[in-house]
Amino acid sequence: MTEDLRVAVVGAGVMGADHIKRITHRIAGARVSAIVEPDASRAAAAAEDAPGSMTYTRIDDPLEDAAMDAVLIATPGQFHAPVLKPALAAGLPILCEKPLTQDSESSLEILRLEQQLDRPHIQLGFMRRFDKDYQQLRELVVSGESGELLMVRALHRNPSVPESYVQNMLITDSVVHEFDVVPWLAGSRIVSVEVKHSRRNSLAPERLREPILVIMELENGVLVDVEMNVSVQFGYQVATEAVFEKGIGRIGQPTGLQRWDEGFFRVKDHESFVTRFADAYDAQIQRWADAVRRGELIDGPNAWDGYLVALSCEAGVRALNEGGVVPVEAPERPAFYA
Ligand code: ISE
């Protein structure tokens with residue numbers, strides 16, 4: 001393909017608007033040709049960041065106009081399936097923000113539709129796999145330089161969450177990232193999930209009981225704990241410590257200017273995932289666009305990975321609400337997704 005890849009961005013909320021700016025200003029060989037967003041003011045604001053784009057309120061219209069070569073889905077999770085289905089039927093390559101769909105049953109339906117095509121068309125937006133720190137940690141695991149991986153200790157902290165964020169989203173919207181990245185890091189799948197409730201943060205919204213501690217066991221025996229905390233007030237932190245036989249690997253510490261003044265030592269920390277993972281989002285979308293232009297269609301986690309994560313989320317939600325150690329059973333990866 002010599003022309004720019006024409007991308008339709010569906011959903012112009014926080015992530016969609018950020019991706020529209022990214023594609024316009026930082027991604028080579030791609031441009032936003034269509035914006036699908038029912039909220040008129042959001043659509044108008046997003047269109048300003050994508051010169052030459054058309055705005056629509058429903059996915060069917062740009063599909064009918066053949067206004068795009070590829071689709072980036074950044075709507076809330078419950079609207080993924082209604083966009084995935086017609087986009088797959090049109091044979092378009094898709095980058096879909098997490099989660100694939102709301103549950104494993106509807107994810108399976110998407111897998112069935114995708115398998116009617118000649119190869120995977122859906123890449124999942126698990127951006128942590130494109131973060132340099134995570135990539136280096138994975139290389140350390142694979143190299144064996146520090147011996148075998150024994151434990152993973154993860155911190156996932158948000159300053160606050162929007163009103164639409166409800167209790168189960170601790171798992172389905174937040175820990176969903178660890179459910180993807182940890183098996184990728186450790187080279188082993190999740191076999192069980194347990195959730196412990198800590199003393200409740202009185203600053204958390206009424207409807208939330210958190211922070212929580214999520215404990216996962218991997219097939220290779222590695223134990224993983226995740227502090228999931230969405231009311232820390234002061235900033236956004238995603239950090240991991242990996243415990244090996246002969247050493248420790250640590251990622252996600254604040255970087256940049258260190259200041260000593262007025263009796264304090266300070267380093268600026270992130271306030272949102274938008275800045276913490278900006279480089280990872282850039283790399284993810286650039287590699288996806290390059291893969292689509294080469295005709296390979298995806299270069300990252302696929303819909304099967306999204307399905308495995310949906311299974312872990314179901315176990316996680318059960319563990320959150322009912323307690324106990326909940327097993328995660330996953331079928332064999334089909335050759336289509338090898
Ligand atoms: C949000 O939707 C994300 O995907 C962020 O990466 C995560 O840290 C946050 O907890 C979610 O709400």
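Two strands count as paired if DSSP finds at least two bridges between them. Helices (H or I, at least four residues) and strands (E, at least two) are DSSP runs numbered from the N terminus. The model shown is predicted, with local features taken at pLDDT of at least 70, side-chain atom pairs only at pLDDT 80 or more, and totals for chains, interfaces and linings from all residues. Residue numbers start from 1 along each chain as its sequence is written, and side-chain values use heavy atoms, without hydrogens or water.

**View 1. Strands β9 and β10 form a hairpin.** Four residues lie between the two strands. G221, in the turn, has a positive phi of about 90 degrees. Strand β9 (residues 212–218) runs antiparallel to β10, and six bridges join them.

View 2. R153 stands opposite D225 of β10. Strand β10 (residues 223–229) is largely enclosed by the rest of the structure, because six of its seven residues are buried. Buried means under 20% relative accessible area, exposed means over 50%, and partly exposed lies in between (1.4 Å probe, protein chains only).

**View 3. Six strands make up an open, parallel sheet.** Their order is β3-β2-β1-β4-β5-β6. The edges are β3 (54–56) and β6 (122–125), each of which pairs on one side only. From one strand to the next, the twist averages 25 degrees; angles run from 0 to 180 degrees between N-to-C directions, with axes fitted as lines to C-alpha atoms. Within this sheet, strand β1 (residues 5–10) and strand β4 (residues 70–73) run parallel and are joined by four bridges. V10 has I73 of β4 as its bridge partner.

**View 4. A ligand sits among residues that include K98, N158 and D173.** Four shell residues are nonpolar, four polar and two charged. Here Ala, Val, Leu, Ile, Met, Phe, Trp, Tyr, Cys and Pro count as nonpolar, Asp, Glu, Lys and Arg as charged, and the others, Gly among them, as polar. Helix α7 (residues 169–186) gives the most to the shell, with three residues. An N or O atom in the side chain of K98 is 3.0 Å from an oxygen atom of the ligand. For N158, a side-chain N or O atom is 2.7 Å from a ligand oxygen, and for D173 the distance from such an atom to a ligand oxygen is 2.7 Å.

**View 5. K98 and P99 are joined by a cis peptide bond.** Omega is about -5 degrees. P99 belongs to the loop between β5 (94–97) and α5 (104–114). The bond from E210 to P211 is cis too, with omega near 10 degrees. P211 lies in the loop between β8 (190–197) and β9.

**View 6. A66 and Q233 have positive phi values.** Most residues other than glycine have a negative phi. A66, with phi of about 50 degrees, lies in the loop between α3 (60–65) and β4. Its relative accessibility is 48%, so A66 counts as partly exposed. Q233 has a phi near 70 degrees and is found in the loop between β10 and β11 (237–244). Q233 is partly exposed, at 46% relative accessible area.

Key: A residue is near a molecule or strand if one of its heavy atoms lies within 4 Å of it. A polar contact is a pair of N or O atoms within 3.5 Å; within protein, one must be able to donate a hydrogen and the other to accept it, and residues adjacent in sequence count only if both atoms are side-chain atoms.
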